[in-house]
Amino acid sequence: MQITIEVNNRKIKAEKGETILSALNRNGILIPTLCRMRDFTPTGACRMCVVEVEGRDRLVTACSQPVEEWMRIMTHSQRVIRSRKTIVELLLSNHPDDCLYCNRNLNCELQRLAEELNINERRIRGKKIQMRLDQSSHSVVRELSKCILCGRCIRVCDEIVTATTLGFLNRGKTAHVGTAMDRDFNFSSCLNCGQCILVCPTGALHEKHNTTEVMESLNRDNVTNVICYSPAVPCAVAEIMGLKYSKEFDLVLNAVLRQIGFDKVYNCGFATDLYIDKAARSLYSSVKEGRRETTYLSACPAWLKYAEQKLPGEIGSLSTLKIPQQIAGAIVKGVVAEDISGGNSEIFTVSVTPCTGMKFESRRDGMTRKGVSDIDAVITVTELSRLIRLFGVDITSPSGEPADAPMNIRSSSALLTEVSGGYTEAIVRSLMHLSGSGEPEKKIFRKLRNNHGFRDLSLAIGDEQYSFAIVDGLHSLERLNAEISGGKSYDIVEVMVCPSGCVHGGGLAFFSSKEVLRTRARQIYATEESEAVNTASRSPALLSFYEEYGDFSDERGEILHTKYNARDVLL
Ligand code: SF4
Ligand code: SF4
Ligand code: FES
C-alpha cells in the first residue's frame with residue numbers, strides 16, 4: 001500500500017512498511033550510509049544515515065526506521081550534517097593517515113565520505129589505532145588498524161558464505177574484528193573466498209598481493225615467464241578498464257600480456273576443457289558400468305577447504321581432479337616444460353583469476369613438481385589491471401594475437417563455468433557428445449541459468465538418466481541435504497561458494513549493485529552463444545593435445561589428480 005511522506009518539503013510516495021532509506025533512494029534522494037548492505041537486515045551500527053523527523057527529539061537512522069504516513073523528514077538539515085560530520089571525524093581521528101599507500105586509495109568509502117562532507121581540517125585528535133597486520137593467509141590481508149567496525153565482513157561471512165570466521169572481539173577501545181580465539185587467518189576457518197574484501201568499506205581487508213614476485217621474475221634472466229588466465233579474466237579486465245567487452249578482447253589481452261614481458265601466454269580455459277572432458281568421461285563410463293555414486297565437482301577452492309573443514313565424511317566424494325588452474329600449471333611444468341623453456345633454467349608460472357581462493361589452492365601440498373610449485377604466483381584481476389597500468393600498456397590500441405599452443409583455445413563451455421551452473425551445462429554437453437546424442441536443446445538449461453540458490457536437473461542422455469544438483473552459495477547445502485534425505489540422488493553436485501559463481505569472485509572489481517553481477521553473467525552467456533565450439537570434449541586444442549601428448553588416461557594421469565584431507569580448524 002502506498003502512503004505519502006514529506007521529504008525536504010517535497011511530497012513523495014512510499015510503500016507502507018519500507019524503511020525511510022528505501023523510500024528516499026527510490027525517489028532519487030541520496031544520503032550517506034556505511035554499515036548498511038543491500039538485502040541484509042539493518043543493524044543501525046554506524047548512524048551515518050541519520051535524518052531529522054519532525055516531532056522526534058533524536059535523529060533517526062533511515063536504514064532501519066520504517067516510514068509512517070505524513071512523516072516530515074529533513075535529510076540535510078544543519079543538525080543532520082553536523083552529526084554525520086562528527087561521526088566521520090571521530091572515525092578519522094584514530095585512523096591511520098596512510099591513504100597514499102593504502103590498497104583502497106581513491107576507492108575508499110571513508111575517504112569519499114570525508115570528501116563529500118567537506119572535512120578538510122582535523123578537529124578531533126585521537127590516538128592512532130595500533131593493531132596487528134595479519135598477513136598469515138595466502139589470500140586475504142587484514143589491516144586491523146583500518147577497520148571502522150562496521151560489521152559488514154562479519155555479516156557476509158556468516159550470512160552469505162556461512163563460514164562464520166569473523167566476529168566482534170573485546171569491547172570499548174580494544175574492540176576489533178577477529179577470528180575464533182583471535183588467531184591469525186591461516187589458523188582460522190576462513191575459506192579464502194574474498195567476499196569480505198568486496199564489502200569492506202576501507203582498506204582493512206584486501207587480497208594478498210603477489211605482483212612483486214611477478215615483477216621480479218619478469219626482470220630475471222634465464223627464466224621463461226608463463227602466464228595463464230581464467231576464461232572470465234578478459235571480460236573482467238575490460239570492466240575495470242571501462243571498456244566494452246567483446247570476444248576479440250581475449251586476443252587483445254594476449255598481446256597486452258606479451259607487451260608486459262610474458263614469454264608464453266596461455267588460456268586457462270583449455271585446462272577447464274580438459275577438466276570437463278575428464279569429469280564427463282569418468283561419469284559416462286561409471287554409469288555405463290552400472291556404478292552410480294555422487295561426485296562433488298571440485299573447481300572452487302573455497303568449497304574444497306569448506307568440505308575438508310566441515311564435511312570430512314564427504315571428502316571421498318570430492319572429484320580428485322585438480323582445479324583447472326593447477327591442471328594448467330601441471331601441464332606447463334610436467335608436460336611441455338622442455339618444449340617451452342628455450343634453454344632457460346627456470347619456468348615461472350603466473351595464474352590470473354577472479355578468485356582470491358586460488359592463491360591458497362596453489363600453495364596446497366601436492367601442487368608441486370620436484371619441490372617446485374606448479375603455479376608460482378596467483379594474481380587477481382585487480383592485480384593484473386594494476387600491472388597493465390604500471391607497464392603503461394594502452395589496452396585500447398594493441399591488435400589481437402592468439403594465445404600460445406597447446407593451451408591456445410578454449411570451448412565456450414569453459415567460459416560458462418565462470419557462472420554458477422556452468423560446470424553442469426558443460427558436463428551435460430560433453431555427455432551428449434560422448435553418447436552421440438547431438439546438441440542439447442537450449443531450453444534444458446533455462447532452469448539452470450535463471451535461478452539462484454539450489455537447482456537440480458534430471459536428464460536422459462543416450463540410454464541413461466543422469467541427475468545433477470547445483471549448490472550456488474553454501475547456504476544451498478541445506479536444500480541439497482533436504483533433497484537427498486527426501487530420497488533424491490545425484491550423479492554430479494556442482495558447488496560454488498561465491499553466490500552466482502566466479503563472476504562474484506573476491507578478486508574482481510568492487511560493485512555496489514547486484515545488477516553488475518547480472519551484467520557479467522549476461523556478457524558470458526552472450527559471448528558463449530556467439531562461439532563456434534561449445535563442447536569441451538570437441539575443443540580442437542584439446543584434441544590436438546591428446547594427439548600429441550596422449551590423453552593421460554594411463555599412469556601419467558596422476559599429474560591431473562590430487563587428494564584432500566580432513567582439516568582441523570577452530571570453528
Ligand atoms: S575470505 Fe570468505 S571465508 Fe574468509 S573471512 Fe572473508 S568472507 Fe569469510
Ligand atoms: S574489516 Fe572492513 S568490513 Fe569488517 S568491520 Fe572492519 S571496516 Fe567493516
Ligand atoms: S547505514 Fe544506517 S546505521 Fe549505518
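I looked up Glu-548 and found it in helix H20 (residues 540-549); helices here are DSSP runs of H or I with at least four residues, strands are E runs of at least two, and both are numbered from the N terminus. Glu-548 counts as exposed because its relative accessibility is 59%. My cut-offs for that are buried under 20% relative accessible area, exposed over 50%, and partly exposed in between, with a 1.4 Å probe and protein chains only. I then checked Glu-548 against Pro-406: they are 142 residues apart in sequence and 9.5 Å apart in space, C-alpha to C-alpha.

The peptide bond running from Ala-405 into Pro-406 is cis, with omega near 10 degrees. Pro-406 is in the loop between helix H14 (381-390) and helix H15 (412-416).

**Ground rules.** This is a predicted model, so I note that local features need pLDDT of at least 70 and side-chain atom pairs count only at pLDDT 80 or more, while totals for chains, interfaces and linings use all residues. Residues are numbered from 1 along each chain as its sequence is written, chains are lettered from A and ligands numbered from 1 in the order in which they are written, and side-chain values use heavy atoms, with hydrogens and water left out.

**Ligand 1.** Which residues come closest to ligand 1? I get 13 residues around ligand 1, and the closest are Cys-157, Cys-190, Leu-191, Cys-193 and Cys-196; near means that a heavy atom of the residue lies within 4 Å. By class, I count 10 nonpolar, three polar and no charged residues in this shell. For the classes, Ala, Val, Leu, Ile, Met, Phe, Trp, Tyr, Cys and Pro are nonpolar, Asp, Glu, Lys and Arg are charged, and the others, Gly among them, are polar.

I followed up on Cys-157, which is in helix H4 (residues 152-161). Cys-157 is buried, with a relative accessible area of 9%.

**Ligand 2.** Ligand 2 also has 13 residues around it, with Cys-147, Cys-150, Gly-151, Cys-153 and Cys-200 coming nearest. That shell divides into 10 nonpolar, two polar and one charged. The space that ligand 2 takes is the second largest cavity. A cavity is a set of points, on a 1 Å grid over the protein atoms alone, where a 1.4 Å probe fits but cannot get out. A molecule sits in one if more than half of its atoms lie within 2 Å of its grid points.

**Aromatics.** How many aromatic pairs does a search of the whole structure find? I got eight. Rings of Phe, Tyr and Trp (its six-membered ring) pair if their centres lie within 6.5 Å; planes under 30 degrees apart are stacked, over 60 edge-to-face, and the rest tilted.

I picked out Tyr-275 and Tyr-423, an edge-to-face pair at 5.5 Å centre to centre with 70 degrees between the planes. Tyr-275 lies in helix H9 (residues 269-288) and Tyr-423 in helix H16 (residues 422-434), so this pair ties together parts that are 148 residues apart in sequence. Both tyrosines, Tyr-275 and Tyr-423, are buried.

Next I took Phe-454 and Tyr-490: the ring centres are 6.4 Å apart and the planes at 70 degrees, so this pair is edge-to-face. Phe-454 is in strand E18 (residues 454-461) and Tyr-490 in the loop between helix H18 (477-485) and strand E20 (492-496), so the pair ties together parts 36 residues apart in sequence. Phe-454 and Tyr-490 are buried.

I also found one aromatic cluster, formed by Phe-270, Phe-545, Tyr-549 and Phe-552.

**Charges over rings.** The charged end of Arg-104 sits over the ring of Phe-510, 3.8 Å from its centre. The charged end of Arg-142 sits over the ring of Phe-185, at 4.9 Å from the centre. The test is NZ of Lys or CZ of Arg within 6 Å of the ring centre and within 35 degrees of the ring normal.

**Backbone.** Last, I looked up Asp-39, a residue other than glycine with a positive phi, near 70 degrees. Asp-39 is in the loop between helix H1 (20-26) and strand E3 (50-53).

Methods
On a 1 Å grid over the protein atoms alone, a cavity is a set of points where a 1.4 Å probe fits but cannot get out, and a pocket is an open set with protein on both sides within 12 Å along at least five of seven lines; lining residues have an atom within 4 Å of a point.
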